[in-house]
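I opened the model to look up a few local features. My notes follow.

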Amino acid sequence: MQNTISLAEDKMKKTVANLKDEFNTIRTGRASAALFDQVKVNYYGQMTPLNQAANISIPEARLVVIQPWDKSLLGEIEKAIQKSELSVNPNNDGKVIRINIPPLTEERRKEYVKIAKSMAEQGRVAIRNIRRDSNESLKKMQKNSDISEDDEKRGTEEIQKLTDSYIEDINSQLDEKEKEIMEI
């Protein structure tokens with residue numbers, strides 16, 4: 001029974017961590033190195049995450065500076081950023097790439113909030129699915145006489161507490177991301 005509960009908790013933790021990573025890809029009005037986590041660059045024939053081919057720094061609130069380890073990558077990095085869904089315009093000066101992060105329009109902010117809410121809902125659904133699978137596992141164990149009815153009930157209650165806790169975590173992360181997006 002404890003094994004089922006700890007397995008459910010591990011899966012829920014991973015779901016919340018995954019959601020946090022997804023939230024990092026949503027653009028806000030501020031510059032962030034995490035925006036470029038999904039950008040991949042052709043690095044000597046291999047598609048490599050940008051942060052493994054260059055140094056990404058944020059010298060100002062609305063400016064990102066990307067300095068590749070190898071200067072010959074400047075063009076590739078510029079192309080990869082333009083192809084990405086970030087809606088930013090990289091400026092290549094031959095040494096580094098500078099990206100000014102323009103402030104978001106009200107309409108674009110609302111669009112990003114909708115995307116964040118959709119991601120959060122997917123996370124909540126995943127948590128509920130983990131709860132359902134764990135409860136089914138406990139019922140099977142009880143049916144096979146591996147655990148008592150009381151143990152099954154206790155396990156179900158514990159899984160419900162975990163579910164409530166992780167869904168609350170998702171909701172608070174969503175609130176935080178929403179404030180960050182709507183910030184001017």
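This is a predicted model: local features need pLDDT of at least 70, side-chain atom pairs count only at pLDDT 80 or more; totals for chains, interfaces and linings use all residues.

Where is Glu152 found? I located Glu152 in helix α4, which spans residues 149-182.

I then checked the charge on Glu152. Glu152 is buried, yet it has no salt bridge. The nearest side chain of opposite charge is Lys139, 4.8 Å away. Leaving aside neighbours within four places in sequence, I found Glu152 in contact with Leu138, Lys139, Gln142 and Ile147.

Next, the sheet. I traced four strands in the order β3-β4-β6-β5, an open sheet with antiparallel pairing. The edge strands are β3 (54-60) and β5 (90-92), and each pairs on one side only. From one strand to the next, the twist averages 25°. I followed β5 to its partner β6 (residues 97-100), and the two are joined by three bridges. Asn92 stands opposite Ile97 in β6. Helix α2 (residues 74-83) packs on the sheet and touches β3, β4 (63-68), β5 and β6. The direction of α2 makes about 165° with that of β5.

Last, the cores. The largest nonpolar core has 25 residues; Phe23, Ile26 and Ile127 touch the most other members. Helices α1 (2-24), α3 (106-143) and α4 each supply at least two residues of this core. The largest share, nine residues, comes from α3. I listed what Ile127 touches, not counting residues up to four places away in sequence: Met12, Thr15, Val16, Thr163, Tyr166, Ile167 and Ile170. A second, separate core holds 21 residues, including Ala54, Val64, Ile66 and Ile99.

Technical notes: Residues are numbered from 1 along each chain as its sequence is written. Side-chain values use heavy atoms; hydrogens and water are left out. Buried means under 20% relative accessible area, exposed over 50%, partly exposed in between (1.4 Å probe, protein chains only). Lys and Arg count as positive and Asp and Glu as negative; His and the chain ends are not counted. A salt bridge is a side-chain nitrogen of Lys or Arg within 4 Å of a carboxyl oxygen of Asp or Glu. Contact means heavy atoms within 4.5 Å. Two strands pair if DSSP finds at least two bridges between them. Axes are lines fitted to C-alpha atoms, for helices over the stretch in contact, and angles run from 0 to 180 degrees between N-to-C directions. A nonpolar core is a set of buried Ala, Val, Leu, Ile, Met, Phe, Trp, Tyr and Cys residues joined through side-chain atoms within 4.5 Å.
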